[in-house]
Amino acid sequence: MASGLPTDSVVDVSQPLTVDRTDIDPTGTVLPRNLVDAVDAGLRRVVGL
């Protein structure tokens, strides 16, 4: 797994929403740049940037 998380995860950029940081458990994981870029590109496409 590219993220290093114990299970596969999915980012659904088609329905962005706001989440309070206190509701997210820290994982100590840093995503590889290519995955961050893919999420960024998906968000930009959804919001029309």
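This is a predicted model: local features need pLDDT of at least 70, side-chain atom pairs count only at pLDDT 80 or more; totals for chains, interfaces and linings use all residues.

**Exercise 1.** Work out what span helix α1 (residues 33–47) should have, and compare it with the model.

*Solution.* Start with the length: α1 has 15 residues. The expected span is 1.5 Å times one less than the number of residues, which gives 21 Å for α1. Now check the model: the end C-alpha atoms of α1 are 21 Å apart, so the two values agree. Just past the helix, look at Gly48, which has a positive phi of about 80°.

**Exercise 2.** Find the salt bridges in the model and say where their partners lie.

*Solution.* Side chains of opposite charge can pair when their charged atoms come close. The cut-off here is a nitrogen–oxygen distance within 4 Å, and the count comes to 2 salt bridges. One joins Asp37 to Arg33, with closest N and O atoms 3.1 Å apart. The other joins Asp40 to Arg44, at 3.0 Å.

**Exercise 3.** Classify Arg33 and Leu31 as buried, partly exposed or exposed.

*Solution.* Exposed means over 50% relative accessible area, and buried means under 20%. Arg33 has 57%, so Arg33 is exposed. Leu31, in the segment before α1, has 38% and therefore counts as partly exposed. Beyond its sequence neighbours up to four places away, Leu31 touches Ser3 and Val36.

Key
Residues are numbered from 1 along each chain as its sequence is written. Side-chain values use heavy atoms; hydrogens and water are left out. Helices (H or I, at least four residues) and strands (E, at least two) are DSSP runs, numbered from the N terminus. Buried means under 20% relative accessible area, exposed over 50%, partly exposed in between (1.4 Å probe, protein chains only). Contact means heavy atoms within 4.5 Å. A salt bridge is a side-chain nitrogen of Lys or Arg within 4 Å of a carboxyl oxygen of Asp or Glu.
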